[in-house]
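The chain is shown next.

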Amino acid sequence: MNKILLLSVLVLLVIASAIAQRTVSGKVTDESGEALPGVNVLIQGTMTGTQTDLDGNFRISVEDGEILVFSYVGFESQEINIGSRTVIDVSMGGATELEEVVVTAVGLTAQKRDLGYSIQEVKSQELDRANEVNLVAGLAGKAAGVQVTSSGGTAGAAAQIRIRGNSTIQGSNTPLFVVDGIPIDNSTFNTSDSPEDAVSTLGSGGVNNSNRAIDLNPNDIASLTVLKGPAATALYGVRAGNGAIVITTKRGSKGRVKVNYSYGLTFDRVNQLPDLQTTYAQGRVIDDESQPTYQGPETFEGFSWGPRISDLRISSEPSLWYPNGAIVAANDPSATDQVPESFDNTDDFFETGITVNHFISARYCKKNQTYSYNFSMI
């Protein structure tokens, strides 16, 4: 008799539990009515949940009195009391900015607090405000532990970047650059004095060349993440032994068509020039002569301590180097009364550089199709 009573109680409990538990279904969309795939649907206080399919639909078994929590990257989480409903349609409104979500490897995103290694993110607005043509130069002072050294003050000059200092004496200390999951080359194109290299560089010896990261337009960058330490660089292998700069470019987002336009105007002037003397001509004391001797440009003389310019005259005899005649000493038989002039060549050479940058972009996303158009003119 007791066994029959106990069995009856268990059957009643199972029936009551089945009655209390039911299936709730629905669809999750954004503010414009577009379906959102991959939305997390969890029962509050538990690890039980599901995700929406490609059409934004979901199904989950719940009990009376439970609360469903809907969360999606870029949107505010929503908590909905089930009540007695069996169909729940949710509109994910109130989009939020992603401040703590970072890109780690091959396009994967993760919460910054969940990572076990040091990273730092640089916002695209900070790169835009830097107004640097070279992306690497624009990173100066933007991230802790990142050292940027520019090779010169000219626009687009090469910039070297180091993360946590140098790690090798002979090898490269440059971090790996990854753009949308694809590693790129950030080497600097150097010239040489050898004849072979002179041909390959089209005679550009002595020119301040740039590193290849200058090919990246800072206006196209949505986020930039600096990965530090071996735990982080293990994501990309031995090439990232000196750290990694992970860049994600801008792309279309769901909603209305977004058109952005930016304009930049930069003036560049030489800050300081060396003080040059205009008293003495090019040349020096040669052999045993006690008087400084003038040496013309054709001799490639590098010293500028020849005779006084006021003691020189222009010769009346024609010269292959100077159409108006060669410069000679005042006591030369061919000397005329014309005194050579001194010029401040460096001050006359440099002018104010003007850089004008126009950038316009249009982005739109509909279902699984993304449209993005960027145009930049410098």
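Strand β15 (residues 221–227) is largely enclosed by the rest of the structure, because 6 of its 7 residues are buried. Buried means under 20% relative accessible area, exposed means over 50%, and partly exposed is in between, with a 1.4 Å probe and protein chains only. Strands (E, at least two residues) and helices (H or I, at least four) are DSSP runs, numbered from the N terminus.

β15 pairs in the antiparallel sense with strand β10 (residues 119–123) over 5 bridges. Lys123 has Ser223 in β15 as its bridge partner. β15 and strand β16 (residues 244–249) also pair in the antiparallel sense, over 6 bridges; here the bridge partner of Thr225 is Val246 in β16. Two strands count as paired if DSSP finds at least two bridges between them.

## Basis of the values

The model is predicted: local features need pLDDT of at least 70 and side-chain atom pairs count only at pLDDT 80 or more, while totals for chains, interfaces and linings use all residues. Residues are numbered from 1 along each chain as its sequence is written, and side-chain values use heavy atoms, with hydrogens and water left out.

## Aromatic pairs

A search of the whole structure finds 4 aromatic pairs. One of them is Tyr72 with Phe75, a tilted pair at 5.8 Å centre to centre with 35° between the planes. Rings of Phe, Tyr and Trp (its six-membered ring) pair if their centres lie within 6.5 Å; planes under 30 degrees apart count as stacked, over 60 as edge-to-face and the rest as tilted. Tyr72 is partly exposed, with a relative accessible area of 24%.

The rings of Tyr280 and Trp305 also form a tilted pair, with centres 5.7 Å apart and planes at 55°. Tyr280 lies in the loop between β17 (258–268) and β18 (283–284), and Trp305 in the loop between β19 (293–294) and β20 (312–314), so this pair ties together parts that are 25 residues apart in sequence. Tyr280 is partly exposed, at 31% relative accessible area.

Val73 is in the loop between β5 (67–72) and β6 (75–81). Its relative accessibility is 54%, so Val73 counts as exposed. The C-alpha atoms of Val73 and Gly38 are separated by 9.5 Å, the two residues being 35 apart along the chain.

Asp30 lies in strand β1 (residues 21–30) and counts as buried because its relative accessibility is 5%. A polar atom of the Asp30 side chain lies 3.0 Å from the backbone nitrogen of Gly33.

Terms used:
A polar contact is a pair of N or O atoms within 3.5 Å; within protein, one must be able to donate a hydrogen and the other to accept it, and residues adjacent in sequence count only if both atoms are side-chain atoms.
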